[in-house]
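Please read the following briefing alongside the sequence and the coordinates.

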Amino acid sequence: MLQGDFASSGRAEKLLSACNPGGEAANVLHALWALQAMHQTTPRMLESLLSHRDEHVRTWAVRLLVDDDPLDTTMSRRSAEMTSLDGL
């Protein structure tokens, strides 16, 4: 099955919905790996997983974020968001 066929079949949406910060770690990781293999992850989705309660999900989110983006760019964006939330 081609990537485009998979994305249009609705299965990608199911994987995306499984990749949420409150999801069960094993389900999130499997969905995350499948989405990454299909090039369907986004920085926004990966950044949302940085707050997941499971350290393995957070680790994989960082790993996949820095695959495409330098760490200083990713973390400076995240730091700016956290600072604005703190009201500093």
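The protein averages a pLDDT of 79, and 66% of the residues score at least 70, where pLDDT is the predictor's confidence in each residue, on a scale from 0 to 100. This is a predicted model, in which local features need a pLDDT of at least 70 and side-chain atom pairs count only at pLDDT 80 or more, whereas totals for chains, interfaces and linings use all residues. Residues are numbered from 1 along each chain as its sequence is written, and side-chain values use heavy atoms, with hydrogens and water left out.

**Overall make-up**

- The secondary structure consists of six helices and zero strands, these elements being DSSP runs numbered from the N terminus (H or I of at least four residues for helices, E of at least two for strands).
- Read along the sequence, the pattern is α-α-α-α-α-α.
- Among the elements of the protein, the lowest mean pLDDT, 55, belongs to helix α1 (residues 3-8), and the highest, 94, to α3.
- Where pLDDT is low, the predicted coordinates should not be read in detail.
- Of the 88 residues in the protein, 30% are buried; buried means under 20% relative accessible area, exposed means over 50%, and partly exposed covers the range in between (1.4 Å probe, protein chains only).
- The accessible surface comes to about 5700 Å², with 55% of it belonging to carbon and sulfur atoms, as calculated by the Shrake-Rupley method with a 1.4 Å probe, only the protein chains shown counting as cover for residues.
- Among contacts with a separation of 6 or more, 50% are between residues 24 or more positions apart, a contact being heavy atoms within 4.5 Å.

- Helix α3 covers residues 25-37, and because its 13 residues should span 18 Å at 1.5 Å a residue, the 18 Å separation of its end C-alpha atoms agrees with expectation; the expected span is 1.5 Å times one less than the number of residues.
- The buried residues of α3 are Ala 25, Val 28, Leu 29, Ala 31, Leu 32 and Leu 35.
- An α-helix has 3.6 residues a turn, so residues three or four places apart point the same way.
- Ala 25 counts as buried because its relative accessibility is 15%, and, not counting residues up to four places away in sequence, Ala 25 touches His 52, Asp 54 and Val 57.
- The C-alpha atoms of Ala 25 and Asp 54 are separated by 6.3 Å, although these residues are 29 apart along the chain.
- Ala 31, also placed in helix α3, counts as buried because its relative accessibility is 2%.
- Leaving aside neighbours within four places in sequence, Ala 31 is in contact with Leu 15, Ala 18 and Cys 19; Ala 31 and Leu 15 are 16 residues apart in sequence and 5.1 Å apart in space, C-alpha to C-alpha.

- His 39 lies in the loop between α3 and α4 and has a positive phi of about 60 degrees although it is not a glycine.
- His 39 counts as exposed because its relative accessible area is 61%.
- Arg 44 is found in helix α4 (residues 43-48) and counts as exposed because its relative accessibility is 72%.
- The C-alpha atoms of Arg 44 and Leu 65, 21 residues apart along the chain, are separated by 9.5 Å.

**Side-chain pairs**

- The structure holds one salt bridge, defined as a side-chain nitrogen of Lys or Arg within 4 Å of a carboxyl oxygen of Asp or Glu.
- In this salt bridge the side chains of Arg 53 and Glu 24 meet at 4.0 Å, N to O, and the pair links distant parts of the chain, with Arg 53 in the loop between α4 and α5 (55-68) and Glu 24 in the loop between α2 (11-18) and α3, 29 residues apart.
- Arg 53 is exposed, and so is Glu 24.
- The count of aromatic pairs comes to one, under a rule by which rings of Phe, Tyr and Trp (its six-membered ring) pair if their centres lie within 6.5 Å, with planes under 30 degrees apart counted as stacked, over 60 as edge-to-face and the rest as tilted.
- Trp 33 and Trp 60 form this pair, which is edge-to-face at 5.5 Å centre to centre with 75 degrees between the planes, and the pair links distant parts of the chain, Trp 33 in helix α3 and Trp 60 in helix α5, 27 residues apart.
- Trp 33 counts as partly exposed because its relative accessible area is 35%, and Trp 60 counts as partly exposed because its relative accessible area is 25%.
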